[in-house]
Protein chains: 2
Amino acid sequence: MNARPHVVIIGGGFGGLSAAQALKRAPVDVTLIDRRNFHLFQPLLYQIATGSLSPGEISAPLRGVLGKQKNARVLLGDVVDVNPETNSVLLADGAIIQYDYLIVAAGAQSSYYGHEEWRQWAPSLKSIEEATEIRHKILYAFEVAERISDPVARASWLTFVIVGAGATGVELAGAIGEIARQTLRNDFRSIHPEEAQIILMDGSPRVLMPFPEELSRKATKSLERLGVQVRTGVMVKGIDRQGVTIAQDSTELRLDARTVIWAGGVAAPPLGRALAKSAAAETDKSGRIKVGPDLTLPRFPNIYVIGDLSICLDGSGKPLPGVAQVAMQGGAYAAKSILRRIETGEEPPPFKYFDKGSLAVIGRAAAVANAFGVKLSGLPAWFVWAFIHLMYIVEFRNRVLVFIQWAFQSLTFNRGARLITGTTTTDFNFNKEIAAQRTQPGAEITQPAGAAH
Amino acid sequence: MNARPHVVIIGGGFGGLSAAQALKRAPVDVTLIDRRNFHLFQPLLYQIATGSLSPGEISAPLRGVLGKQKNARVLLGDVVDVNPETNSVLLADGAIIQYDYLIVAAGAQSSYYGHEEWRQWAPSLKSIEEATEIRHKILYAFEVAERISDPVARASWLTFVIVGAGATGVELAGAIGEIARQTLRNDFRSIHPEEAQIILMDGSPRVLMPFPEELSRKATKSLERLGVQVRTGVMVKGIDRQGVTIAQDSTELRLDARTVIWAGGVAAPPLGRALAKSAAAETDKSGRIKVGPDLTLPRFPNIYVIGDLSICLDGSGKPLPGVAQVAMQGGAYAAKSILRRIETGEEPPPFKYFDKGSLAVIGRAAAVANAFGVKLSGLPAWFVWAFIHLMYIVEFRNRVLVFIQWAFQSLTFNRGARLITGTTTTDFNFNKEIAAQRTQPGAEITQPAGAAH
């Protein structure tokens with residue numbers, strides 16, 4: 001029999017992986033359970049969506065990362081519930097796994113604030129599949145515009161709306177701005193990609209709310225230089241195949257846009273809700289679970305909840321943000337705390353988040369950074385951003401690959417992964433879209449290549 | 001009006017792209033039509049299927065490649081028919097495009113020899129999507145095996161059958177051998193991936209039929225060293241969810257294998273059949289179109305058919321093989337030939353294929369090469385293979401990325417793109433597969449990580 005305590009970790013994101021690795025030399029058996037077989041470097045997911053990077057370059061197979069850690073095993077499985085009374089988790093395939101300590105790092109999913117029907121028209125950026133779909137939508141939009149001649153229809157294909165002006169929304173909008181103004185500049189013969197309208201909207205009074213106002217202003221300026229229109233104080237009322245209905249200053253407005261991307265809110269995944277119920281844990285309105293100062297559940301001190309799924313208050317009573325740093329530090333803390341309890345029986349000191357600052361990038365050479373009270377913007381902030389992101393990418397190989405992709409992109413404006421693959425969740429069909437726009441059947445399009453530009 | 005001759009090229013593969021680029025300085029307008037927005041380096045597609053490379057690393061966006069060629073335009077569209085009488089091609093979206101010269105380089109698709117029902121159980125390796133699906137199948141097979149305990153079921157998940165022992169089949173089998181013996185060696189706790197059975201089968205008496213017998217023997221030896229069983233003289237009688245039925249020496253045999261990959265035959269795509277019909281052209285039984293010594297159709301001297309879709313005889317009356325070299329040289333020839341006819345009105349000399357040799361790779365450090373009468377095998381052949389493939393990859397950036405991926409893989413046995421993404425065309429569901437194998441409901445799987453190895 002197995003005498004060593006069994007630590008089960010749910011989720012192989014930043015939090016779960018940090019916890020597993022921090023237990024490397026601990027006298028415990030570790031089982032890391034994830035639905036996917038890879039760790040995903042989420043902060044760069046928008047670069048897959050905008051054709052800069054390929055999925056493999058920001059993913060690390062969990063078995064590869066933990067393969068040589070002898071006390072760890074990786075289990076591909078979908079945890080659907082936790083039973084805190086019997087110390088066990090239940091997988092979707094019916095398996096039951098016993099734990100002595102449980103670390104729940106199941107992350108967050110995107111939330112459409114009760115409007116799930118918007119999801120099909122406005123994908124969000126949470127998985128490789130969604131990122132590939134967004135890439136598909138953006139690139140096809142330019143292709144359809146190139147093939148049709150009606151100016152109104154063409155304009156709606158060349159309008160891109162990004163809902164939500166947090167870091168993800170700002171980064172996406174900046175990247176689409178670059179695609180239109182730089183990457184595709186020579187690529188088309190009928191359209192001018194730089195005429196694309198890119199609209200970044202948010203209900204808040206400014207972009208990047210968690211940043212100091214000064215940096216929000218600078219980010220807005222950088223975005224506008226890339227042709228992005230920033231609209232704040234805007235509420236989304238509806239999203240459909242043809243565009244977005246918004247309300248601003250109590251007037252309703254319609255935006256015709258064939259590409260809408262959701263960078264709105266997040267909510268707890270189904271497992272979070274199941275856990276909250278079975279452990280009678282308190283949650284906030286997005287379903288995040290309230291944990292104590294040692295990151296455990298009040299009633300079950302052997303269950304840690306870390307990262308985006310948890311809500312943990314800092315010294316001043318403000319909840320910690322849902323960023324990689326909080327998850328990673330939480331994972332390392334949980335590991336150390338378990339080790340201490342096993343070895344000394346003592347209760348660990350409370351979790352203290354060490355805030356290294358926040359960052360957001362806008363295009364190829366601008367960013368805003370707020371670190372240790374120092375505010376940076378422009379190129380210096382971009383270098384800080386690039387360095388920190390490269391540093392935290394799991395696997396040395398991926399660091400080298402991403403560095404090379406960025407180096408080429410900086411020199412040539414070209415994006416290395418501009419391919420349209422897979423399908424979308426919507427019923428988009430390129431041939432049908434073109435056929436529908438044709439005014440006469442079989443009209444010729446023998447436009448000479450040399451004449452257009 | 002457009003006074004310059006309009007050259008329409010169908011297909012952005014090796015043949016079509018070579019033709020377009022060879023017309024760079026010609027006094028013509030070029031329209032390259034492709035269903036996809038990227039050129040795919042097909043010879044390395046098996047490395048996507050086996051997790052070595054990411055799709056973006058062997059794809060080059062056609063607009064990027066031809067963006068600065070002022071006389072060229074790229075059209076995203078699906079050509080469904082050609083009307084040689086009116087000099088026009090018809091797209092699926094209803095557009096009609098007039099040409100003065102037409103170069104048809106539409107390639108080939110996989111053929112299941114009249115058994116289309118096998119396709120869903122045995123994907124072939126023709127597109128990025130199929131390659132990703134094969135990767136999905138291979139990696140999931142190990143994951144299911146890790147989770148189930150019945151030895152018979154487990155063996156069938158750890159059996160991989162590759163049908164067809166041409167270059168693609170040999171390369172796939174070698175790569176799966178490496179995955180099982182090297183890449184995954186430390187990755188699992190319940191199974192030993194090196195116990196996987198990898199079976200490469202073909203109806204021919206030996207692998208790599210187009211190569212000299214000596215090299216076929218060496219390739220077989222290299223494959224066996226990687227644990228691949230080579231079965232020649234085998235006919236496939238059926239493929240289903242559970243495995244393959246084969247006939248060998250007039251006895252029928254059943255192989256339980258949950259992963260079957262088709263590297264069998266090729267056939268002309270639908271456009272090839274449409275063209276053959278409308279131009280009353282002769283075809284062979286796989287639908288390839290017979291062209292004259294100048295690569296044009298006998299009745300329509302302004303229509304060139306090049307690459308895999310065409311069948312062109314060499315000096316000795318043997319058809320040229322369906323490889324990238326033939327397509328590239330055919331494309332360059334067609335371009336030069338059109339230019340000559342425009343500029344001098346003369347008929348061009350017949351196409352002469354310059355055979356640089358053939359290559360096939362088996363795993364990380366072995367290959368066979370037959371070039372200029374010199375037969376190479378083992379590591380020297382591998383270096384030739386790697387050098388030539390790197391040289392022909394479109395876009396310098398991708399050359400660098402692939403080189404780095406290979407360098408890391410050589411040093412660490414690790415594969416950079418081992419992620420399971422997307423879905424399969426079959427109704428595979430991981431959770432259901434595991435649940436179906438479970439003997440008691442909710443059996444525990446609290447196997448300690450340290451105990452297994």
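Strand β1 (residues 6–10) of chain B runs parallel to strand β2 (residues 29–34) of chain B, and the two are joined over 5 bridges; here two strands count as paired if DSSP finds at least two bridges between them, while strands (E, at least two residues) and helices (H or I, at least four residues) are DSSP runs, numbered from the N terminus. Within this pair, His6(B) has Asp29(B) of β2(B) as its bridge partner. This is a predicted model, in which local features need pLDDT of at least 70 and side-chain atom pairs count only at pLDDT 80 or more, whereas totals for chains, interfaces and linings use all residues. Residues are numbered from 1 along each chain as its sequence is written, and chains are lettered from A and ligands numbered from 1 in the order in which they are written.

The pair belongs to an open sheet of 6 strands with mixed pairing, whose order in chain B is β5-β2-β1-β9-β21-β20. Because β5 (72–76) and β20 (296–297) of chain B stand at the edges and have a single partner strand each, one side of each is left without a neighbour in the sheet. Helix α1 (residues 14–22) of chain B packs on this sheet, touching β1, β2, β5 and β9 (101–104) of chain B, and its direction makes about 160° with that of β1(B); such angles run from 0 to 180 degrees between N-to-C directions, with axes fitted as lines to C-alpha atoms, for helices over the stretch in contact.

A further open sheet of chain B has 3 strands in the order β23-β24-β25, with antiparallel pairing. From one strand to the next, the twist averages 5°. Strand β24 (residues 367–371) of chain B pairs with β25(B) over 4 bridges in the antiparallel sense, and Val368(B) stands opposite Ser377(B) in β25(B).

Turning to the two chains together, chain A can be laid on chain B with an RMSD of 0.0 Å by a turn of 180° and a shift of 0.0 Å along the axis, the superposition being by least squares on the C-alpha atoms of residues with pLDDT of at least 70 in both copies. The two copies are therefore related as by a two-fold rotation axis.

Where they meet, 65 residues of chain A are in contact with 67 residues of chain B, contact meaning that the C-beta atoms of two residues, placed from the backbone, lie within 7 Å. Helix α11 (residues 396–412) of chain A gives the most to the side of chain A that touches chain B, with 5 residues. Since 100% of the interface residues of chain A are also interface residues in chain B, the copies meet through the same surface.
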